[in-house]
Amino acid sequence: MNVARDPAAADWLPLLRRLTLVSPSWGVWKNASDALAGSGDIDSSGSPTDWPLVEREFESWAGERQLTPVFACRHIPGGINLIAVPSGAPLLLELSVKERKVFRGSNLFTWRDLVPLMEMDALGFRRLRAGAEGLFKLVLNGATRDGKRNVIGLRSKHVLELLRSDPSGVELAARTFGPAAPAVLRSARTAMIGDWDRPALMATNAWALGRALLHPVDLSQRAQFHFVAKQRCPVLNALLKDHRRVPADRATWLAAVTRSHERHEATGDATASSLTRR
């Protein structure tokens, strides 16, 4: 799939540096390089107590660059998606902040798990170290539900390069898998040498599915998201189904988003910004 280049992506860096300064819990957990190169969004993690800080900084950043309007979507459980809709631009600018990441129905990690796995990028912002990013992407993007190799996911998410560049980070991140740590570590080591351990991936999937059954409330929230919010939310439709493309009928879509989401009136000043709740 050809991904359209985001003409505003070069402006991400000041925001990432600022968020690193104002929020000790915040950091980019995947795809930072793609976003800075102009072909992706920003996927980050952080404590919910810091989300208001992140919102204000995103709003200020967008206002300074006239990347407006700005909206906040809270329909995905465990996170917030901030989007800017620059006038005339074909793509939305998205910054997601997650309290936790779900895998096979249960929590793969929380923001607390990622804090010790973060490091400072040479460009001056906090990001997940390469081996940890590669391990999480291995199970999220590189393998199917039955443990088979997902060639497209492995290639497009640069999984093997990330794993091979930071074996120590792989081992540290494996600890977040609890009893499944030996299996996921075995799968990563096998992948790094160009082979594939399907039983190890199946065991990792089974561990996650088993944990999910122990938390029926979380399962209920996820079901509601998939069958209700995911279908009805105009923001999620644009992000997940249309790969961040602004719908052709821009005015109608913006009206629908304004009716159902928090709209930030970006001023370019993080201390003086206002938020209209819809």
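A residue counts as buried when its relative accessible area is under 20% and as exposed when that area is over 50%, with partly exposed in between (1.4 Å probe, protein chains only). What you're looking at is a predicted model, so local features need pLDDT of at least 70 and side-chain atom pairs count only at pLDDT 80 or more, while totals for chains, interfaces and linings use all residues. Residues are numbered from 1 along each chain as its sequence is written, and side-chain values use heavy atoms, with hydrogens and water left out.

Let's begin with helix H10. Helices (H or I, at least four residues) and strands (E, at least two) are DSSP runs, numbered from the N terminus. Which residues of H10 are buried? They are Ala200, Leu201, Thr204, Asn205, Trp207, Ala208 and Ala212. Look down the axis of H10 and these buried residues fall within an arc of 150°, so they line one face of the helix; the arc is that of the directions from the helix axis to the C-beta atoms. At the N-terminal end, Asp197 caps H10, with a side-chain oxygen 3.1 Å from the backbone nitrogen of Ala200.

Now for the rings. Rings of Phe, Tyr and Trp (its six-membered ring) pair if their centres lie within 6.5 Å; planes under 30 degrees apart count as stacked, over 60 as edge-to-face and the rest as tilted. Searching the whole structure turns up 6 aromatic pairs. One of them is Phe109 with Phe136, a tilted pair at 4.8 Å centre to centre and 50° between the planes. That pair links distant parts of the chain, since Phe109 sits in strand S7 (residues 106-110) and Phe136 in helix H5 (residues 130-140), 27 residues apart. Both Phe109 and Phe136 are buried. Phe177 and Trp207 have ring centres 5.6 Å apart and planes at 40°, so this pair is tilted. Here too distant parts of the chain are linked: Phe177 is in the loop between helix H8 (167-174) and helix H9 (181-192), and Trp207 is in H10 (residues 198-213), 30 residues apart. Ring pairs join Trp29, Phe109, Phe136, Phe177 and Trp207 into a cluster.

Trp29 is worth a stop of its own. It lies in strand S1 (residues 27-30), and at 1% relative accessibility Trp29 counts as buried. Contact means heavy atoms within 4.5 Å. Leaving aside residues up to four places away in sequence, Trp29 touches several residues, including Asp43, Lys98, Phe109, Leu114, Glu133 and Phe136.

What about the nonpolar interior? A nonpolar core is a set of buried Ala, Val, Leu, Ile, Met, Phe, Trp, Tyr and Cys residues joined through side-chain atoms within 4.5 Å. The largest core has 31 residues, and those with the most contacts inside it are Leu114, Leu128, Leu135, Phe136, Leu163 and Phe177. S7, H5, helix H7 (159-165), H8, H9 and H10 each give two or more residues to this core. A second, separate core of 25 residues includes Phe58, Trp61, Val97 and Phe125.

Last stop: helix H12 (residues 234-241). This helix is mostly covered, with 6 of its 8 residues buried. Those buried residues are Pro234, Val235, Leu236, Asn237, Ala238 and Leu239. Just after H12, His243 takes a positive phi of about 55°.

Note on methods
A polar contact is a pair of N or O atoms within 3.5 Å; within protein, one must be able to donate a hydrogen and the other to accept it, and residues adjacent in sequence count only if both atoms are side-chain atoms.
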